[in-house]
Amino acid sequence: MIVITGATGALNGATVEHLLTRVPAEEVGVSVRDVAKAQSFADRGVRVRPGSYEDPAALRASFEGADQVLLVSSNDPAADGVALHRAAIEAAVAAGVRRILYTSHQNVRLGSAFAPARDHAATEEILAGSGVAWTSLRNGFYAHSLGWLLGPWRETGEIAAPEDGPVSWTHRADVAEAAAVILAGHAVDGPVTLTAPTAVTFDDLAAIASDRTGREVKRVVVGDEQWVADRIAAGTPEAMARLLLTLFTAGRRGDFAETGPRLGELLGREPLPVAEALA
């Protein structure tokens, strides 16, 4: 039995879909906050049980009989993500799970300028000390994030953002499929980096956007504090704007420039190009 948390979300929901093409539905379970939202899985023979990182007892019950569990990382910036991840890992261990998989991020470090990377690093330490086999899926930055990071470039003809660095923007659909491949039999121990084969800067993206649209798209560097102020004026909470700024801070240090072939090897094809995110 393979149990996947967060299966009503975009990432792990797609992983379930891919997994169902590789293993029988009766060997797949999902642990979700709202079982009604997972009815489509239940209709296809998937085991659906309630589970929440805030409710370890329910979570443990949702993991019952599982050989593998895929834990999606918390995406609530106001929550204590590490504590939630610890509770989920402990529930999986208590349920007798043999391997725990976790959706992490490329180049996680406790000293990273990018705040989520510190949580991922702390979670990986918990996994390493759990006493069971574990796999950390160090996914590249999701390319769909560019939709709001690049701003209204189609209207303005400008990509206005802070100084950046090369990032291996990676499509969520690709890493979701790769996770299913790993769950279905391509076991990996410890961290595995899953990124696009190339890393690009916002200057590169401006050139790609220009090529796709047939009109010049300029790259404009905005000061950090001005960018934060602009985001706040546009309705973004200040805490979120400053969290997003750490992406640029870490990016210009080269924290997200890492690339590798593993994602393409698992997919058996080339990962989707970053240009698709600009369609």
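Helix axes here are lines fitted to C-alpha atoms over the stretch in contact, and angles run from 0 to 180 degrees between N-to-C directions. This is a predicted model: local features need pLDDT of at least 70, side-chain atom pairs count only at pLDDT 80 or more, and totals for chains, interfaces and linings use all residues. Residues are numbered from 1 along each chain as its sequence is written, and side-chain values use heavy atoms, leaving out hydrogens and water. Helices (H or I, at least four residues) and strands (E, at least two) are DSSP runs, numbered from the N terminus.

**Sheet**

- Seven strands make an open sheet, ordered β3-β2-β1-β4-β5-β6-β8, with parallel pairing.
- Two strands pair if DSSP finds at least two bridges between them.
- β3 (47-50) and β8 (190-194) are the edge strands, each pairing on one side only.
- From one strand to the next, the twist averages 20°.
- Seven bridges join β5 (residues 99-105) to β6 (residues 133-139) in the parallel sense.
- Within this pairing, I100 stands opposite W134 in β6.

**Helix α1 on the sheet**

- Helix α1 (residues 10-19) packs on the sheet and touches β1 (2-5), β2 (28-32), β4 (68-71) and β5.
- Contact means heavy atoms within 4.5 Å.
- The direction of α1 makes about 155° with that of β1.

**Helix α1 against helix α8**

- The axes of α1 and α8 (residues 172-183) come within 8 Å and cross at roughly 50°.
- On the α1 side, the contact residues are A10, L11, A14, T15, H18 and L19.
- They meet R172, A173, V175, A176, E177, A179, A180 and L183 in α8.
- By class, this contact has ten nonpolar, two polar and two charged residues.
- Ala, Val, Leu, Ile, Met, Phe, Trp, Tyr, Cys and Pro count as nonpolar, Asp, Glu, Lys and Arg as charged, and the others, Gly among them, as polar.

- H120 is found in helix α5 (residues 115-128).
- H120 is buried, at a relative accessible area of 9%.
- Buried means under 20% relative accessible area, exposed over 50%, and partly exposed in between (1.4 Å probe, protein chains only).
- Setting aside neighbours within four places in sequence, H120 contacts S73, Y102, T103, S104, H105 and V108.
- N107 lies in the loop between β5 and α5.
- N107 is not a glycine, yet has a positive phi of about 55°.
- Most residues other than glycine have a negative phi.
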